[in-house]
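Trainee: Hi! Could you walk me through this one before I set anything up?
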Amino acid sequence: MEKFLKTPDQISALMQHWFLSYHLKDRDSFSGSEAFTFFDLIPEGLQQALLQRANLDEHEKPVFLLNCGNAGFVLNTTHRFIRIGECDLDSIFYTEFTWHSGYKSIRIEGAPIGIKSDGYFAEFGLETQRREIVYWLIPSGRAGFAFWNVTKKCELIGRKYL
């Protein structure tokens, strides 16, 4: 498949379009306090702390942040998913990403409710091109499903643009 060159700003704009289309809202509807939100809307101190840990490439731009509670954060950049835990950091480049395998279970472990309920966290799988599924703890409910639906298209970025 032929690849097309896109700048980080063009990729960021594409990702933001997917986000806004999923939510059926405009950018002004977001404050940065949402569990899954625009990176540039979160407090500057948190931005700086996450960027220091993430060690972005020269042409890589942060786009979204998913707050995963005690498990840390997932930063979506123009190149990859970066899970930033208290003491660890993992990343999956979009060129390695195949698809989300979804939540590991439809039930929240240790609770009598399912993954559609807000306020909980559940293991969520990201499949790589090596057919490996990497599980990260992400929010259940609206934030988790928004992450799932918006970022499933990141394989397109890796396949067509990077």
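This is a predicted model: local features need pLDDT of at least 70, side-chain atom pairs count only at pLDDT 80 or more; totals for chains, interfaces and linings use all residues.

Trainee: Okay, so what order do the strands of the open sheet have?

Mentor: The order is β1-β2-β3-β4-β5, five strands with antiparallel pairing. β1 and β5 (89-93) are at the edges with a single partner strand each, so one side of each has no neighbour in the sheet. On average, neighbouring strands are turned by 20° against each other, direction ignored.

Trainee: And what packs on the sheet?

Mentor: That's α3, which touches β1, β2, β3 (73-77) and β4. The direction of α3 makes about 55° with that of β1.

Trainee: How many bridges join β4 to β5?

Mentor: Five, with β4 covering residues 80-84 and the two strands running antiparallel. Ile84, for instance, has Leu89 in β5 as its bridge partner.

Trainee: Switching to the inside: which residues touch the most other members of the largest nonpolar core?

Mentor: Met15, Phe36 and Phe81, in a core of 32 residues. Elements that each supply at least two residues of this core include α1 (8-23), β2 (62-67), β7 (121-128) and α4 (154-161). Apart from it there is another core, with nine residues, including Ile42, Leu65, Leu75 and Ile82.

Trainee: I was looking at Thr77 in β3. Is Thr77 buried or exposed?

Mentor: Buried, because its relative accessible area is 0%, and the cut-off for buried is under 20%.

Trainee: So what does the side chain of Thr77 reach?

Mentor: Its side chain reaches the backbone nitrogen of Arg80 at 3.0 Å. A polar atom of the Thr77 side chain also lies 3.0 Å from the backbone nitrogen of His79. Leaving out residues up to four places away in sequence, Thr77 touches Met15, Leu56, Glu60, Lys61, Pro62, Val63, Ile82 and Tyr94.

Trainee: Nice. How about Asn67, where is it found?

Mentor: Asn67 is in strand β2. Asn67 is partly exposed, because its relative accessible area is 34%, which falls between the 20% and 50% cut-offs. The Asn67 side chain reaches the backbone nitrogen of Gly69 at 2.9 Å.

Trainee: Which residues is Asn67 in contact with, leaving aside neighbours within four places in sequence?

Mentor: Ala35, Gly72, Phe73, Phe121 and Pro139. Take Pro139: it is 72 residues from Asn67 in sequence, yet their C-alpha atoms are 7.6 Å apart in space.

Terms used: Residues are numbered from 1 along each chain as its sequence is written. Side-chain values use heavy atoms; hydrogens and water are left out. A nonpolar core is a set of buried Ala, Val, Leu, Ile, Met, Phe, Trp, Tyr and Cys residues joined through side-chain atoms within 4.5 Å. Buried means under 20% relative accessible area, exposed over 50%, partly exposed in between (1.4 Å probe, protein chains only). Helices (H or I, at least four residues) and strands (E, at least two) are DSSP runs, numbered from the N terminus. Contact means heavy atoms within 4.5 Å. A polar contact is a pair of N or O atoms within 3.5 Å; within protein, one must be able to donate a hydrogen and the other to accept it, and residues adjacent in sequence count only if both atoms are side-chain atoms. Two strands pair if DSSP finds at least two bridges between them. Axes are lines fitted to C-alpha atoms, for helices over the stretch in contact, and angles run from 0 to 180 degrees between N-to-C directions.
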